[in-house]
Amino acid sequence: MTRKEDRRITDMGTLKAIAHPLRMQLYRALHIAGAATASQLGEQVDEAPSLVSYHLRKLAEHGLIEEAEPRSGDGRERWWQPASEGLSVHDEDFRSAPEKAAAHTAFARLLVDQRADLYRRYLDERHAWGAEWTGASSDVESTLRLTPAELTELNKELRDVIRKYDEKGRAEEASGDTEGRENVALHLYGFPFRT
């Protein structure tokens, strides 16, 4: 499968569409599954398929997801897939007006909250993962002294390494190497602060 590029969100309408907590959950679940129906996603997020369908249509209106080829013989099922490999939202696209900056901040906070919830869930359940997974998991905090240009370069290098491992893992899985393979969340934040 050809790798789709990330979709850069630059308009308020699309940002508001994805900044809804349930829609972000659905987008993330759909990204992990590759393709799914509203019923399948509803089971994952514990919501009625009719409500999930409504939110999927809203995501599709903004080109964030698209219809997928059916994966079953039931012609009544509507399958959805992400329209891009991922999403990116950049500060420079939303700093021109206070309401744009506020929407961007609200979206970033939603992501942080959902990521923290995912990590908390892992912490609560890590005993069930076994020593191999808990030994491989990481929680790292580093304090660096960098310039904006150095942080930009570091971010690019980290994205390149992440992309390399993502492509390798997907290729191995596509060739049938699925033993012990799980979804892995990797959250990195690089930001300035003063003490």
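Guide: Start with one term. A residue is buried if its relative accessible area is under 20%, exposed if it is over 50%, and partly exposed in between, using a 1.4 Å probe and protein chains only. By that rule, 24% of the 195 residues of the protein count as buried.

Now some ground rules. This is a predicted model, in which local features need pLDDT of at least 70 and side-chain atom pairs count only at pLDDT 80 or more, while totals for chains, interfaces and linings use all residues. Residues are numbered from 1 along each chain as its sequence is written, and side-chain values use heavy atoms, with hydrogens and water left out.

Next, the outline. The protein has 7 helices and 5 strands. These are DSSP runs numbered from the N terminus: helices are H or I with at least four residues, strands are E with at least two. Their order along the sequence is β-α-α-β-α-α-β-β-β-α-α-α. The C-alpha trace spans about 60 × 50 × 35 Å along its principal axes. Contact means heavy atoms within 4.5 Å. Of the contacts with a separation of 6 or more, 64% join residues 24 or more positions apart.

Now the core itself. A nonpolar core is a set of buried Ala, Val, Leu, Ile, Met, Phe, Trp, Tyr and Cys residues joined through side-chain atoms within 4.5 Å. In soluble globular proteins, nonpolar side chains tend to be buried together. The largest core here has 25 residues. I18, M24, L26, L41, V52, L56 and I65 have the most contacts inside this core. Helix 1 (12–18), helix 2 (21–33), helix 3 (38–45), helix 4 (49–61) and helix 5 (98–125) each supply at least two of its residues. The largest share, 6 residues, comes from helix 2.

Pick out L26. Beyond residues up to four places away in sequence, L26 touches L41, V45, V52, H55 and L56.

Move to helix 5, where Q114 lies. Q114 is buried, because its relative accessibility is 13%. Leaving aside neighbours within four places in sequence, Q114 is in contact with P21, M24, Q25 and R28. M24 was also among the residues with the most contacts inside the core.

Helix 5 also holds Y119 and Y122, 3 residues apart, about one turn of the helix. Y119 is partly exposed at 31% relative accessible area, whereas Y122 is buried at 19%. What of their rings? Rings of Phe, Tyr and Trp (its six-membered ring) pair if their centres lie within 6.5 Å; planes under 30 degrees apart count as stacked, over 60 as edge-to-face, the rest as tilted. The whole structure has 2 such aromatic pairs. Y119 and Y122 make a stacked one, 6.1 Å centre to centre with 25 degrees between the planes.

The loop between helix 5 and helix 6 (130–136) contains A128. A128 is exposed, with a relative accessible area of 62%.

Now the charged pairs. A salt bridge is a side-chain nitrogen of Lys or Arg within 4 Å of a carboxyl oxygen of Asp or Glu. The structure holds 9 of them. One joins D93 to R8 at 2.8 Å, N to O. It links distant parts of the chain: D93 is in the loop between strand 5 (87–89) and helix 5, R8 is in strand 1 (residues 7–9), and 85 residues separate them. R8 is partly exposed at 37%.

Helix 4, a contributor to the core, has a salt bridge between K58 and E61 at 3.7 Å, N to O. These two are 3 residues apart, about one helical turn. K58 is partly exposed at 23%, but E61 is exposed at 56%.

The accessible surface comes to about 14000 Å², and 50% of it belongs to carbon and sulfur atoms. Such areas come from the Shrake-Rupley method with a 1.4 Å probe; for residues, only the protein chains shown count as cover. V112, Y189, F191 and F193 make a nonpolar surface patch of about 440 Å². Patch residues have over 30% relative accessible area and no salt bridge; like charges are joined within 9 Å, nonpolar side chains (Val, Leu, Ile, Met, Phe, Trp, Tyr) within 5 Å. F191 sits in the segment after helix 7 (148–174). At 57% relative accessibility, F191 is exposed.
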